[in-house]
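Here's a quick briefing to read alongside the model. Have the viewer open and follow along.

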Amino acid sequence: MQNEKTESDHVDRLRAQWDRELPDLDTEPMTILGRAYRLSNLVRPSIEETFASFGIDRGEFDVISTLRRSGPPYRLTPTDLYTLLMISSGGLTHRLDRLQKGGLILRERSASDGRSSVVGLTEKGIALAENAFRADMASEARYLDALSKEDRVALSALLRKLLISLEQAPSGDPA
């Protein structure tokens, strides 16, 4: 196997092309953000396949996993859900309709405010959320086999630092 310093990846090849075409432009941001984007695109099909094996898509998993990790009684308002998921209320309604048809969630009137509703996981939904998440984590862990434990810790810390800086900036804009 070639030495890590002499191997090139997709981003290295793109940068070399841009360096040739626009030698005055600093393409260093691609070394991080381009790789993050490429990694996401490479693993997405496997993640989607994992969820499909449970009869749900990624968006549906996002809903049931958000409910599951909220803790007992695994209920949230639709407003809480679409805020946490960063999707529109219409997008959430479509997901909730599919999940309710599948017997994974219930929609009920709020006991504290009869004008609002709550969304809760059924026993079937709780089990599916847990099993799908376990399968997803096992699948994703295999992608990290090339990194040592120390590399994983360091990479995670650097990504956290970058993400916090972006999350704290207005609209995710660092400027």
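Predicted model: local features only at pLDDT ≥ 70, side-chain atom pairs only at ≥ 80, totals over all residues.

**Overall layout**

- Going along the sequence, the elements of the protein chain run α-α-α-β-α-α-β-β-α-α.
- The C-alpha trace spans about 65 × 40 × 30 Å along its principal axes.
- Of the 175 residues in the protein chain, 23% are buried.
- Take the contacts between residues at least 6 apart in sequence: 44% of them join residues at least 24 apart.

**The nonpolar core**

- The largest nonpolar core holds 22 residues.
- Val63, Ile64, Leu67, Leu81 and Ile105 have the most contacts inside this core.
- Two or more core residues come from each of helix H2 (29–52), H3, helix H4 (78–85), helix H5 (89–101), strand S3 (117–121) and H6.
- As background, nonpolar side chains tend to be buried together in soluble globular proteins.
- Ile105 is worth a click: leaving aside residues up to four places away in sequence, Ile105 touches Ile64, Leu67, Leu96, Leu99, Gln100, Val119, Gly120, Leu121 and Thr122.
- Two of those partners, Ile64 and Leu67, are also on the list of residues with the most contacts inside the core.

**Where H3 meets H6**

- Helix H3 covers residues 58–69 and helix H6 covers residues 123–143; their axes come within 9 Å and cross at roughly 105 degrees.
- Angles of 65 to 115 degrees count as roughly perpendicular, so that's how H3 and H6 sit relative to each other.
- On the H3 side, the residues in contact are Phe61, Ile64 and Arg68.
- H6 answers with Gly125, Ile126, Leu128, Ala129, Glu130, Ala132 and Phe133.
- Sorted by type, the residues of this contact are 7 nonpolar, 1 polar and 2 charged.
- Ile64 turns up here too: it meets H6 as part of H3, and it is among the residues with the most contacts inside the core.

**Serine 165**

- Look for serine 165 in helix H7, which covers residues 149–168.
- Serine 165 and glutamate 28 lie 137 residues apart in sequence, and their C-alpha atoms are 18 Å apart in space.

How values were computed. Residues numbered from 1 in each chain as written. Heavy atoms only, no water. Axes fitted to C-alpha atoms, helices over the stretch in contact; angles between N-to-C directions. Helix = DSSP H or I, 4+ residues; strand = E, 2+ residues; numbered from the N terminus. Parallel < 35°, antiparallel > 145°, perpendicular 65-115°, else oblique. Contact = heavy atoms within 4.5 Å. Nonpolar A, V, L, I, M, F, W, Y, C, P; charged D, E, K, R; others polar. Core = buried A, V, L, I, M, F, W, Y, C linked by side-chain atoms within 4.5 Å. Buried < 20%, exposed > 50% of the residue type's maximum accessible area, 1.4 Å probe, protein only.
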